[in-house]
Amino acid sequence: MAGKTGPVTVVVLAIFAVWYLACLPMNADALQRAMPDAANHSLLERFLASINLPDGKLAAPHQIIVAMFQGIFLEPPLGRRSLVYHALITLSSALSGFVLGAVLGIVLAVLIVHYRSMNKSLMPWVIISQTIPILALVPLLNAILGKLGLPIIVPKALIATYLCFFPVTVGMVKGLTSPDVMQLDLMRTYDASKWQTFWKLRWPAATPFLFASLKIAIAGCIVGAIVAEMPTGAQGGLGSRLLAGYQYNNLRLVLWAALFTAALLSAVLISIIALIERRTMVAMGVRGGQE
């Protein structure tokens with residue numbers, strides 16, 4: 001319990017316990033249809049029935065795990081019922097938007113930090129841009145880009161870019177301005193140019209901020225790609241599976257499986273960025289890979 005594993009395990013078990021208990025009241029209607037004489041059964045029997053209903057409002061954790069296992073391992077990887085197939089479609093859009101958003105965020109941050117006019121003109125618009133609802137952008141981008149004959153991946157990647165560039169921009173602005181006055185004065189004492197100061201001082205100081213922003217951004221890209229898939233009627237992607245599970249009651253488990261597959265995909269990508277961060281920090285001479 002002194003480490004991380006014990007407390008995390010306790011919290012997860014508590015969530016599972018509350019989740020299982022919530023199945024009984026949440027699935028009461030479906031239980032009444034499946035077991036008309038439910039009042040004549042014991043509480044334990046009703047509970048066991050409620051956590052195994054295929055069409056309940058709240059799927060039990062073990063049902064979601066089974067549905068994910070079937071969708072990931074038991075279906076052909078490129079089949080339309082495979083979660084791997086749909087995850088790859090979503091991942092392609094998310095990673096395209098992630099690369100574009102990260103590059104755009106870094107460039108904007110460099111301009112904002114080094115040019116006062118850019119700071120006054122760009123930064124307010126960067127903040128205001130995040131007030132636009134994503135669902136309002138999706139049909140607009142699809143209508144405009146569809147008329148241009150561009151592939152369906154382009155609007156999805158642009159939505160992912162929209163959610164990615166903001167945390168990267170804000171994080172890099174904070175990181176690039178993190179060196180204190182004494183460090184900047186020391187670089188001036190060495191007669192360092194603006195770009196020498198950038199590469200030798202500002203960029204190394206901003207690296208931890210960059211990786212923290214990238215972790216937020218990659219999760220936002222997955223969300224953006226999924227949201228972009230839902231209202232367009234896309235035939236592939238985790239967003240389409242979520243929409244199918246919502247529209248058809250007999251596919252309710254599909255919704256839950258796709259939802260947790262998206263969460264798992266985000267966790268894997270964040271872990272990869274965290275691993276790259278540790279290796280980068282070690283290469284920079286930071287003890288233990290952390291600042």
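## Helix packing and buried residues in a predicted model

Apart from neighbours within four places in sequence, Ser-50 is in contact with Cys-23, Leu-24, Asn-27 and Leu-31, where contact means heavy atoms within 4.5 Å. This is a predicted model, in which local features need pLDDT of at least 70 and side-chain atom pairs count only at pLDDT 80 or more, while totals for chains, interfaces and linings use all residues. Residues are numbered from 1 along each chain as its sequence is written, and side-chain values use heavy atoms, with hydrogens and water left out.

Ser-50 lies in helix 3 (residues 43-50); helices here are DSSP runs of H or I with at least four residues, numbered from the N terminus. Ser-50 has a relative accessible area of 0% and is therefore buried. The term buried means under 20% relative accessible area, exposed means over 50%, and partly exposed is in between (1.4 Å probe, protein chains only). A polar atom of the Ser-50 side chain is found 2.7 Å from the backbone oxygen of Phe-47.

Confidence comes next. pLDDT is the predictor's confidence in each residue, on a scale from 0 to 100. The chain has a mean pLDDT of 89, with 96% of its residues at 70 or more. Within the chain, helix 5 has the highest confidence, at 95, and helix 7 (residues 134-147) the lowest, at a mean of 82.

Helix 5 also features in two helix pairs. Two packed helices are described by the angle between their axes and the distance between those axes. Axes are lines fitted to C-alpha atoms, for helices over the stretch in contact, and angles run from 0 to 180 degrees between N-to-C directions. With helix 8, helix 5 packs at an angle of about 35°, and the axes are 5 Å apart. This crossing of helix 5 and helix 8 is right-handed; a crossing is right-handed if the near helix is turned clockwise from the far one by less than a right angle, and left-handed if anticlockwise. The residues of the contact between helix 5 and helix 8 comprise 21 nonpolar, eight polar and one charged. In this division Ala, Val, Leu, Ile, Met, Phe, Trp, Tyr, Cys and Pro count as nonpolar, Asp, Glu, Lys and Arg as charged, and the others, Gly among them, as polar.

The second pair joins helix 5 (residues 83-114) to helix 10 (residues 194-229), at an angle of about 145° and with axes 8 Å apart. Helix 5 passes helix 10 in a right-handed crossing. In the contact of helix 5 with helix 10, 19 residues are nonpolar, four polar and three charged.

Ala-109 has its place in helix 5 and is buried, with a relative accessible area of 0%. Setting aside neighbours within four places in sequence, Ala-109 is in contact with Thr-169, Met-172, Val-173 and Leu-176. In helix 8 (residues 153-176), attention turns to Lys-156, which counts as buried because its relative accessibility is 6%. Not counting residues up to four places away in sequence, Lys-156 touches Ile-89, Ser-93, Ala-225, Ala-228 and Glu-229. The side chains of Lys-156 and Glu-229 make a polar contact at 3.4 Å. A polar contact is a pair of N or O atoms within 3.5 Å; within protein, one must be able to donate a hydrogen and the other to accept it, and residues adjacent in sequence count only if both atoms are side-chain atoms.

Phe-211, in helix 10, is likewise buried, at 9% relative accessibility. Residues up to four places away in sequence aside, Phe-211 touches Ile-273, Ile-276, Glu-277 and Thr-280.

Helix 11 (residues 238-247) is largely enclosed by the rest of the structure, because seven of its ten residues are buried. These buried residues are Leu-238, Gly-239, Ser-240, Arg-241, Leu-242, Ala-244 and Gly-245, and they pack against helix 5, helix 10 and helix 12 (252-283). One of them, Ser-240, has a relative accessible area of 10%. Although Ser-240 and His-86 are 154 residues apart along the chain, their C-alpha atoms are separated by 8.3 Å.

Both ends of helix 9 deserve a look. Asp-191 follows helix 9 and is found in the loop between helix 9 and helix 10. Asp-191 is exposed, with a relative accessible area of 66%, and its phi is positive, near 60°. Most residues other than glycine have a negative phi.
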